[in-house]
Amino acid sequence: MSFTLGTTSMSPPIALAPMAGITDRPFRDLVRSFGTGLMVSEMVASQEMVQAKPGVRERAELSADVENTAVQLAGRDEYWIAEAARQVAGQGARIIDINMGCPAKKVTNGYSGSALLKTPDHALRLIEAVVGAVDVPVTLKTRLGWDDNCLNAPDVARRACAAGVQMVTIHGRTRCQFYKGAADWRAIRAVKDAVSVPLLANGDIVDTATARRALELSGADGVMIGRGAGGKPWLLAEVAHELWGTPAPDVPAGDALIAMVAEHYRAMLDFYGLDLGIRVARKHLGWYMDEAGTGPAMRRAVLTEKDPEDVIALLPEALTAQQPEAAA
């Protein structure tokens with residue numbers, strides 16, 4: 001299955017999920033370097049973005065003019081979300097994604113994100129405002145419903161597509177589940193049956209086996225991968241190769257892995273500045289060490305060290321010493 005969204009090819013049909021504080025510009029650039037997938041920016045609050053007149057780093061974070069990138073907007077007001085859409089389209093955005101899936105209280109308490117599932121008429125007006133404001137494709141990411149008594153994603157998605165949305169992504173949980181329990185890929189099929197546009201399944205897809213199972217149960221046209229890519233930026237390319245026959249990624253190991261992690265670390269420091277960059281980088285370093293099987297003492301040393309050069313100097317031991325092949 002492959003399709004296009006405006007000038008963007010979804011071949012293979014796989015995307016990196018937007019995750020606040022994780023899928024930032026440095027990480028998206030790294031995932032993109034493996035050659036596969038649609039990248040989606042971290043969620044942007046529409047009114048705040050328009051009123052704040054974003055600076056250089058904030059504009060760079062959107063990656064609006066970068067190929068195979070969608071900019072995700074959240075909002076509760078038709079005027080502001082339409083203005084934000086016009087602004088990012090003017091900066092070169094090729095796709096605009098509307099967030100109706102974020103479960104965070106600070107978002108839903110502001111009547112945006114997944115809270116819009118409780119007010120589908122209002123949600124539709126927001127969708128219509130964005131579609132009417134721009135000429136680029138508009139997509140939608142949402143959940144199965146607000147809770148088990150409000151599983152209205154099929155109807156919301158159907159109405160959204162009638163309003164002009166060109167792709168839908170469904171996370172297989174309700175908002176009230178947050179990230180607990182298991183994603184219900186089977187329940188996504190009802191949404192697929194309700195729409196005529198491509199649909200991506202999302203939630204608990206962490207490798208090729210779970211991607212294949214999600215596709216089988218949901219009937220989806222493709223998948224969106226989120227937390228599973230932490231520490232494995234090549235994962236999308238790996239899944240695409242095994243499911244759709246794209247070129248296999250060159251998965252780094254040994255010195256190549258150490259060099260990649262060091263480059264990612266420096267990219268975060270450059271992007272955020274030293275103090276914030278060190279803090280942001282810790283979660284990514286932690287995931288890389290999870291994959292490497294790094295022992296607790298070395299892990300603690302890497303994550304508490306504040307001198308970037310000392311962190312980089314620790315990486316060879318942190319990423320290789322505990323691996324089974326090194327111990328054999």
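**View A. Who sits around Thr169 in this predicted model.** Skip the neighbours within four places in sequence, and Thr169 is in contact with Leu140, Lys141, Thr142, Leu200, Asn202 and Met224. The residue itself belongs to strand β9, which covers residues 167-171. Is Thr169 buried or exposed? Its relative accessibility is 1%, so Thr169 counts as buried, given that the cut-off for buried is under 20%.

**View B. The largest nonpolar core.** This one takes in 65 residues, and Met100 and Ile225 are the members with the most contacts inside it. Helix α6 (residues 120-133) supplies the largest share of this core, with seven residues.

**View D. Zooming in on Met100.** Leave out residues up to four places away in sequence, and Met100 touches Gly113, Ser114, Leu116, Leu117, Ala123, Ile127, Leu140, Lys141, Thr142, Arg143 and Val156.

**View E. Cys102, flagged in a UniProt record.** The unreviewed UniProt entry puts the feature "active site" at Cys102. As for where that is, Cys102 lies in the loop between β7 (95-100) and α5 (105-108). Cys102 has a relative accessible area of 17%, so it is buried, with the cut-off at under 20%.

Notes
Residues numbered from 1 in each chain as written. Predicted model: local features only at pLDDT ≥ 70, side-chain atom pairs only at ≥ 80, totals over all residues. Heavy atoms only, no water. Helix = DSSP H or I, 4+ residues; strand = E, 2+ residues; numbered from the N terminus. Buried < 20%, exposed > 50% of the residue type's maximum accessible area, 1.4 Å probe, protein only. Contact = heavy atoms within 4.5 Å. Core = buried A, V, L, I, M, F, W, Y, C linked by side-chain atoms within 4.5 Å. UniProt positions renumbered as here; feature names shortened; annotations may be inferred.
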